[in-house]
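User: I have a model open and would like to talk through how it is put together. Can you take me through it step by step?

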Amino acid sequence: MTCEEVRALLPAYVDGDLHVVGEIDVHLSTCDACSAELEAYRRMLGELSRMSETGPAPAADLYARVVGLIPAPSLVGRVRLAAFENPALYAAMAGGVAAAVGAVYFLWRRSQRVAELA
Amino acid sequence: MSDGSVSHELLAGCRRGDPRAFEELVRITYRRVYALAHRLVGDRYEAEDVVQEAYLRMFRGLAGFREEARFETWMHRIVTNTAFNQLKRRGRFGSLVEGDEPLEVPVPESSELRATERDELERALARLPEGQRTVLVLKDVYDLSCREIGDEIGIEEGAVKVRLHRARKRLREILSEQGGEP
């Protein structure tokens, strides 16, 4: 293989995604210039892979703008959230509601009986 | 993502509708989300639009996110999809598909006279045609597979590999022209 042919394949060679790897290996073992080019590709890819942790800085107010898009929880959602954050209070409220329902039922049954007796 | 990872507990808090959990999720992800958007659309203001739309989509879709993939991967796909839609709306999807129109190159600031290799690389990336830059950024920076990229862009995996090959070659040429040698 010539230098030109090898260099054309280096962008895929760095992934080992070629069927002519052996031929390229042979060329690289005797060609310093192509070996240096391969090393440059590897440095470039290494630097690219580290770029995911960095990048252009966002505008100072972008965070506030995105936070402003957070959906407000619904009434049901707020109750659920309160229940999760304060289970004792939620249990007490649930108990209170159950007691109130029970009391209403008791009074209703009693009024029914009084009506029947009358 | 940039300042920490997204935990299962944090996502659970968001699903409960806890605004503080949402704020924390945004805080630890928005810098990387913005960086990806900027690298895909190549413009600060368009990137901000993409970020806001992507977060809206994420907020709506989080209840259905089953954590079969990492949150970061899922968010990357939302940002990528949103960026493509943005490019389509702005009439730039053609260049994305054909990959033959370089974007406007950011004007170097004075501090870049002492630019690091990474600065050189960012500038070189911005000079790639959109179609090539998109594939290279998603594969070589964000480590998506060629298949995933093909799914997002709507092209075959083989076409992604071809475009990636051209993108690496072109990026290497640009770096040589700039004199930067990462």
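**Chain layout and contacts**

Analyst: Chain A is divided into domain 1, covering 3–53, and domain 2, covering 73–117. Please keep in mind throughout that this is a predicted model.

User: How far apart are the C-alpha centres of those two domains of chain A?

Analyst: The C-alpha centres of domain 1 and domain 2 of chain A are separated by 72 Å, and the C-alpha atoms of chain A as a whole fill a box of roughly 115 × 40 × 20 Å along the principal axes.

User: And what is chain A made of, helices or strands?

Analyst: Chain A has six helices and zero strands, which gives the pattern α-α-α-α-α-α when read along the sequence. Its radius of gyration is 37 Å, well over the 13 Å that the globule rule gives for 118 residues, so chain A is more spread out than a compact globule.

User: What percentage of chain A counts as buried?

Analyst: Of the 118 residues in chain A, 12% count as buried. As for contacts within chain A between residues at least 6 apart in sequence, 45% of them join residues at least 24 apart.

User: Now the interface: how many residues of chain A are in contact with chain B, and which elements do they come from?

Analyst: On the chain A side 31 residues are in contact with 36 residues of chain B. The elements of chain A that give two or more residues to that side are helix H1 (3–13), helix H3 (32–50), helix H4 (62–67) and helix H5 (75–85), and the largest share, eight residues, comes from H3(A). By residue class, the side of chain A that touches chain B divides into 21 nonpolar, five polar and five charged residues.

User: Switching topic, which residues touch the most other members in the largest nonpolar core?

Analyst: That core has 49 residues, and those touching the most other members are B:Val33, B:Ala37, B:Val50, B:Val51, B:Val79, B:Ala83 and B:Leu171. Two or more residues come from each of several elements, including H3 of chain A and, in chain B, H2, helix H4 (71–89) and helix H9 (157–178), while H2(B) supplies the largest share, eleven residues.

User: What does B:Leu171 touch?

Analyst: Leaving aside residues up to four places away in sequence, B:Leu171 touches A:Met44, B:Ala124, B:Leu125, B:Leu128 and B:Leu136.

User: Back to H2 of chain B: where is its kink centred?

Analyst: Helix H2 of chain B, residues 19–41, has a kink of about 50° centred on B:Thr29, and just after this helix B:Gly42 takes a positive phi of about 70°.

User: Last one: what are the domains of chain B, and how many residues are in contact between them?

Analyst: The domain assignment of chain B gives domain 1 (1–91) and domain 2 (93–182), with eleven residues of domain 1 in contact with twelve residues of domain 2. H2 and H4 of chain B each supply at least two residues of the domain 1 side, and H4(B) gives the most, with seven residues. The residues on that side of domain 1 of chain B divide into four nonpolar, four polar and three charged.

Notes
Residues numbered from 1 in each chain as written. Chains lettered and ligands numbered in written order. Predicted model: local features only at pLDDT ≥ 70, side-chain atom pairs only at ≥ 80, totals over all residues. Bend = angle between axes of the 7 residues up to and from the residue. Helix = DSSP H or I, 4+ residues; strand = E, 2+ residues; numbered from the N terminus. Rg over C-alpha atoms; globule rule 2.2 N^0.38 Å. Buried ≥ 20, exposed ≤ 12 C-beta atoms within 10 Å, placed from the backbone. Contact = placed C-beta atoms within 7 Å. Domains from an automatic or database assignment. Nonpolar A, V, L, I, M, F, W, Y, C, P; charged D, E, K, R; others polar. Core = buried A, V, L, I, M, F, W, Y, C linked by C-beta atoms within 7 Å.
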